[in-house]
Amino acid sequence: MNKHQNGTGRKRRANELHFISWNVHDMRLKDEGLKSSLNEFMNKILAEDIFCLQETKEPVKISGFRCYNSNRANSRSGGVCIGVKNDISSGVSSVNTSCCEDIVAIKLKKCYFNIPNDIVIINTYDSPTNSSYKKKR
């Protein structure tokens, strides 16, 4: 694979980043274990430079990526993650979102990516209005 292709075989320009956002509704499957052990799931994730996952319900760790997680305290619901490929992670910094659960944000540094301005990527999850989590609040 040359540096201008990703795992899907689609061509890309040198100055492109590819993203995926996915509500995974739990990183664990009832019988199969972690979704990160499934080829189909990992092929989709590995084909991207940055991924955003919602409803992870636990911290995410994926080899080859720096993962920024935010999970609810004392809860098995919600949770978000942004993963950044290791080879570009030095151009990324975390943005403080400690004021809120279910929000994680990163900043793409303009000097690293040779772009006019920093870019902030925010990944959030908002529970349905009738969820038990919202009713408790």
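This is a predicted model: local features need pLDDT of at least 70, side-chain atom pairs count only at pLDDT 80 or more; totals for chains, interfaces and linings use all residues.
**The chain as a whole**

The chain contains 3 helices and 9 strands. Along the sequence these elements follow the pattern β-β-β-α-β-β-β-β-β-α-β-α. The chain has 137 residues, of which 41% count as buried. Among contacts between residues at least 6 apart in sequence, 44% join residues at least 24 apart. The chain exposes about 8,500 Å², and carbon and sulfur atoms supply 49% of that area.

**The open sheet**

Three strands form an open sheet in the order β7-β8-β9, and their pairing is antiparallel. Strands β7 and β9 are the edges, each pairing on one side only. From one strand to the next, the twist averages 25°. Strands β7 and β8 run antiparallel and are joined by 4 bridges. Ser-94 stands opposite Ile-106 in β8.

| β7 | 92-95 |
| β8 | 103-108 |
| β9 | 119-124 |

**The nonpolar cores**

In soluble globular proteins, nonpolar side chains tend to be buried together. Which residues touch the most other members of the largest nonpolar core? In this core of 14 residues, they are Ile-50, Ile-82, Val-84, Val-92, Ile-106, Leu-108 and Ile-121. Strands β4, β6 (80-85) and β8 are the elements that give two or more residues to this core. A second, separate core has 12 residues, including Val-24, Phe-51, Ile-62 and Phe-65.

Ile-121 can also be followed through its contacts. With neighbours within four places in sequence left aside, Ile-121 is in contact with Phe-19, Ile-50, Cys-52, Ile-82, Val-104, Ala-105, Ile-106 and Leu-108. Of these partners, Ile-50, Ile-82, Ile-106 and Leu-108 are, like Ile-121, among the residues that touch the most other members of the largest core. Ile-106 is also the residue that Ser-94 stands opposite.

Technical notes: Residues are numbered from 1 along each chain as its sequence is written. Side-chain values use heavy atoms; hydrogens and water are left out. Buried means under 20% relative accessible area, exposed over 50%, partly exposed in between (1.4 Å probe, protein chains only). Contact means heavy atoms within 4.5 Å. Accessible areas come from the Shrake-Rupley method with a 1.4 Å probe; for residues, only the protein chains shown count as cover. Two strands pair if DSSP finds at least two bridges between them. Axes are lines fitted to C-alpha atoms, for helices over the stretch in contact, and angles run from 0 to 180 degrees between N-to-C directions. A nonpolar core is a set of buried Ala, Val, Leu, Ile, Met, Phe, Trp, Tyr and Cys residues joined through side-chain atoms within 4.5 Å.
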